[in-house]
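Here is a brisk tour of one protein model. Keep the sequence and the 3D view side by side as you read.

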Amino acid sequence: YKLADIALKSGETTVYEKTLTVEPGEYEVTESSTGVTGYTLKTTTSVTSGKVSIAKDEHKVINLKNEYSKDQCSLKFTKSFSGVTKDQLKDLTFTVKNVTDSSNPKTIGTYKLSDMTLKSGETTVYEKTLTVDPGEYEVTESNTGVTGYTLKTTTSVTRGSVSIAKDDSKVIDLKNEYTKDKCSLKFTKSFSGVTKDQLKDL
């Protein structure tokens, strides 16, 4: 029998039942194909088989129970920076995507530096931990520009990806290094009709 062959028990939403007319004897009910993609069957609390002995005119019940937990894992991304302050990075945005299906990536969330926690013992390293489903993930930055500063693209890391399995924990480390914009100013002075010594108070 499939679950579709079993009737919903009166007054219940997740309890189904099937009554059979059988001859007296020993009976066993066992389940198969209990797997559900993205979920794990709790073997310690689930009951997937049962036996009874039934005599003439007797009625016996075998109660089966399946308890599932959603498969999950941990994704942490960190952000370190140098050359600027946290306030100067207030517009910096992190986008987290599930890219398991590359043709249909799903955005998990967008975050600012203000949504992250300062890492213990650090002054310019922030972190964010997310509970996610197993799969492929990507974290990308946007709005990295800071007025008066240039992002060092050769040493900065503004994008990262990881593959996470069930009950696993992975970290994506991002880093922004900035240098203050500088330029050169030269001024010249020419004079005529007087000497340099005469201009000593200029």
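## The second largest pocket

The second largest pocket holds about 170 Å³ of space. This is a predicted model. Seven names make up the lining: Asn98, Thr100, Asp101, Asn104, Lys106, Asp133 and Pro134. By class, one of these lining residues is nonpolar, three are polar and three are charged.

## The largest pocket

The largest pocket has a volume of about 1700 Å³. Its lining counts 40 residues, and Ile6, Lys18, Val29, Ile62 and Leu64 are the closest to the centre. Sorted by class, the lining has 18 nonpolar, ten polar and twelve charged residues.

Which strand gives the most to this lining? Strand S3 does, with four residues. S2, S3 and S5 each supply at least two. Strand S5 spans residues 49–54, while S2 covers 16–17 and S3 covers 25–30.

## Salt bridges across the sequence

The structure holds ten salt bridges. One of them joins Lys51 and Glu28, with the closest N and O atoms 3.9 Å apart. Lys51 sits in strand S5 and Glu28 in strand S3, so this pair ties together parts 23 residues apart in sequence. Lys51 is exposed, at 67% relative accessibility.

Lys70 belongs to strand S6 (residues 68–70), and Asp133 to the loop between strand S11 (125–132) and strand S12 (135–142), so the bridge ties together parts 63 residues apart in sequence. Lys70 is partly exposed, with a relative accessible area of 39%. Asp133 is partly exposed too, at 30%.

Glu127 pairs with Lys76 in a salt bridge, and their closest N and O atoms are 3.6 Å apart. Glu127 lies in strand S11 and Lys76 in strand S7 (residues 73–82), so the pair ties together parts 51 residues apart in sequence. Is Glu127 buried or exposed? Glu127 is buried, because its relative accessible area is 19% and the cut-off for buried is under 20%. Lys76 counts as partly exposed, at 24% relative accessibility.

Salt bridges also link three residues into a network. Its members are Lys152, Lys175 and Glu177.

## A nonpolar patch on the surface

Tyr1, Leu20 and Val22 form a nonpolar patch on the surface. Together they have about 340 Å² of accessible area. Val22 lies in the loop between strand S2 and strand S3. Its relative accessible area is 40%, so Val22 is partly exposed.

## Positive phi in two loops

Asp57 is not a glycine, yet it has a positive phi of about 65°. It lies in the loop between S5 and S6. With a relative accessible area of 74%, Asp57 is exposed.

Asn143 is not a glycine either, and its phi is positive at about 55°. Its place is the loop between S12 and strand S13 (149–151). Asn143 is partly exposed, at 48% relative accessibility.

Where is Thr78 found? Thr78 is part of strand S7. Lys76 lies in that strand as well. Thr78 counts as buried, since its relative accessibility is 7%.

How many residues apart in sequence are Thr78 and Met116? They are 38 residues apart in sequence. In space, their C-alpha atoms are 8.6 Å apart.

Methods
Residues numbered from 1 in each chain as written. Predicted model: local features only at pLDDT ≥ 70, side-chain atom pairs only at ≥ 80, totals over all residues. Heavy atoms only, no water. Patch = residues over 30% accessible without salt bridge, like charges linked within 9 Å, V, L, I, M, F, W, Y side chains within 5 Å. Areas by Shrake-Rupley, 256 points an atom, 1.4 Å probe, with all protein chains shown as cover. Salt bridge = Lys/Arg side-chain N within 4 Å of Asp/Glu carboxyl O. Buried < 20%, exposed > 50% of the residue type's maximum accessible area, 1.4 Å probe, protein only. 1 Å grid on protein atoms, 1.4 Å probe; cavity = no way out; pocket = protein on both sides within 12 Å on 5 of 7 lines; lining within 4 Å. Points joined across faces, edges and corners; volume = space filled by probe spheres on them. Nonpolar A, V, L, I, M, F, W, Y, C, P; charged D, E, K, R; others polar.
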